[in-house]
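Me: I would like to go through a structure with you, one piece at a time. Could you keep the explanations plain?

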Amino acid sequence: MIQNPIPWPNSAKCAVAVTFDMDADSLIHISRPDDSHKRLYPISMGRYGPMVALPRILDTYKRLGIKQSFFIPGWCLEQYPETVEAILQDGHEIGHHGYLHEDPIETESDQKYWFERALASYTKICGGKPRGYRAPVYNINQTVIDLMIEHGLRYDSSLMADDIPYAMKTEKGELYEMPVHWGTDDWPPFAHYSEIDYMMPVKAPSEGLAAFWEEFDAQYEAGGFFMLILHPFLTGRLARWRLVEKWMKETMNSKDVWFARLEDIVAHLDNLREAGEYTPRIENLPYYTEPQR
Ligand SMILES: [Zn+2]
């Protein structure tokens, strides 16, 4: 049961977003800054995302007739402009995902510089400003929340305080949260990356994805919101993406779902509130302003 379900467009039972974080090889450059340029294996693993997986993903979305959301670090926008152009040409959304995938907690003192440098890359390559942001490794802090409000972004997608989209209020303004969770993130079942100290037993495609489909079933039953947080170099690989595409097709044909870009969900929530038809749950921020011990 969900206490405050959102009435979705056309009475759909559940909103679905298959989102991708296109980190490419930014991960190795931020984690091994001194010699990443010599490490060809992790560079190649990351490049698989924009060069091989993205065309495959875009092809699926085109055939299914859906538009979805991608989060891309500013440095990756600069490195892979053709991929970015293809994403935008198909009408998908691109959100802010840091500059070189820097962790906001670790770079707090110069977070403003990195946040705005990524925004500048976005404006130069994509035009305008992004609507949304997802923190690298979900590690958002209050500084980033404040920067998002200052720059007019409308939503974050890094936090976990609810099953469905909610609002976050600060003294400076308001943002929506499109909540994530590790249970629908492909990093735990599929990533194996010793250079960044992440080593997990890689699961079979069907086994790793099965956990996601169980999450969907619960959200669907409750009339909620199902979002996958995927990475092209992980789930864009042949065997995994083949199964995700199969699931999307079957779900579209047999269930009453709304596949949406996250910015479309923001617009929908704005409309509902304006019409007085829905009030989202609100989390007041900051949670804490000093250590709690
Ligand atoms: Zn990322």
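Me: Is the crossing of H8 and H10 left-handed or right-handed?

Reply: The crossing of H8 and H10 is right-handed. A crossing counts as right-handed if the near helix is turned clockwise from the far one, and as left-handed if it is turned anticlockwise by less than a right angle. Please note that this is a predicted model, in which local features need pLDDT of at least 70, side-chain atom pairs count only at pLDDT 80 or more, and totals for chains, interfaces and linings use all residues. Residues are numbered from 1 along each chain as its sequence is written.

Me: At what angle do the axes of H8 and H10 cross?

Reply: The axes of H8 (residues 205–222) and H10 (residues 238–254) cross at roughly 35 degrees and come within 9 Å. Axes are lines fitted to C-alpha atoms, for helices over the stretch in contact, and angles run from 0 to 180 degrees between N-to-C directions. Helices (H or I, at least four residues) and strands (E, at least two) are DSSP runs, numbered from the N terminus.

Me: And which residues make the contact?

Reply: On H8 they are Pro205, Ser206, Leu209 and Trp213, and on H10 they are Ala239, Arg240, Leu243, Val244 and Trp247. Two residues are in contact if their C-beta atoms, placed from the backbone, lie within 7 Å.

Me: Moving on to H5, which of its residues are buried?

Reply: Trp114, Phe115, Ala118, Ser121 and Tyr122 are the buried residues of H5. They lie on the same side of H5, because they cover an arc of only 120 degrees around the axis. The arc is that of the directions from the helix axis to the C-beta atoms. A residue is buried if 20 or more other C-beta atoms lie within 10 Å of its own, exposed if 12 or fewer, and partly exposed in between, with C-beta atoms placed from the backbone.

Me: What does the face turned away from the buried side of H5 carry?

Reply: That face carries the exposed residues Tyr113, Ala120 and Lys124. The buried residues of H5, in turn, pack against helix H3 (74–79), strand S3 (93–96) and helix H6 (142–150).

Me: How do H5 and H6 pack?

Reply: H5 and H6 pack at an angle of about 40 degrees, and their axes are 10 Å apart. They are therefore oblique to each other. Angles under 35 degrees count as roughly parallel, over 145 as roughly antiparallel, 65 to 115 as roughly perpendicular and the rest as oblique. Gln111, Lys112 and Phe115 of H5 make the contact with Thr143, Val144 and Leu147 of H6. The crossing of H5 and H6 is right-handed.

Me: What about H4, which residues are buried there?

Reply: In H4 (residues 81–89), the buried residues are Thr83, Val84 and Ile87. They cover an arc of only 100 degrees around the axis, which puts them on the same side of H4. Glu82, Glu85 and Gln89 are exposed on the other side of H4.

Me: What comes just after H4?

Reply: Gly91 does, with a positive phi of about 85 degrees. H5 is followed by Gly127, whose phi is also positive, near 85 degrees.

Me: One last topic: why is Ile6 counted as buried?

Reply: Ile6 is buried because 20 other C-beta atoms lie within 10 Å. Ile6 lies in the segment before strand S1 (14–21). Leaving aside neighbours within four places in sequence, Ile6 is in contact with Ile164, Pro165 and Tyr278.
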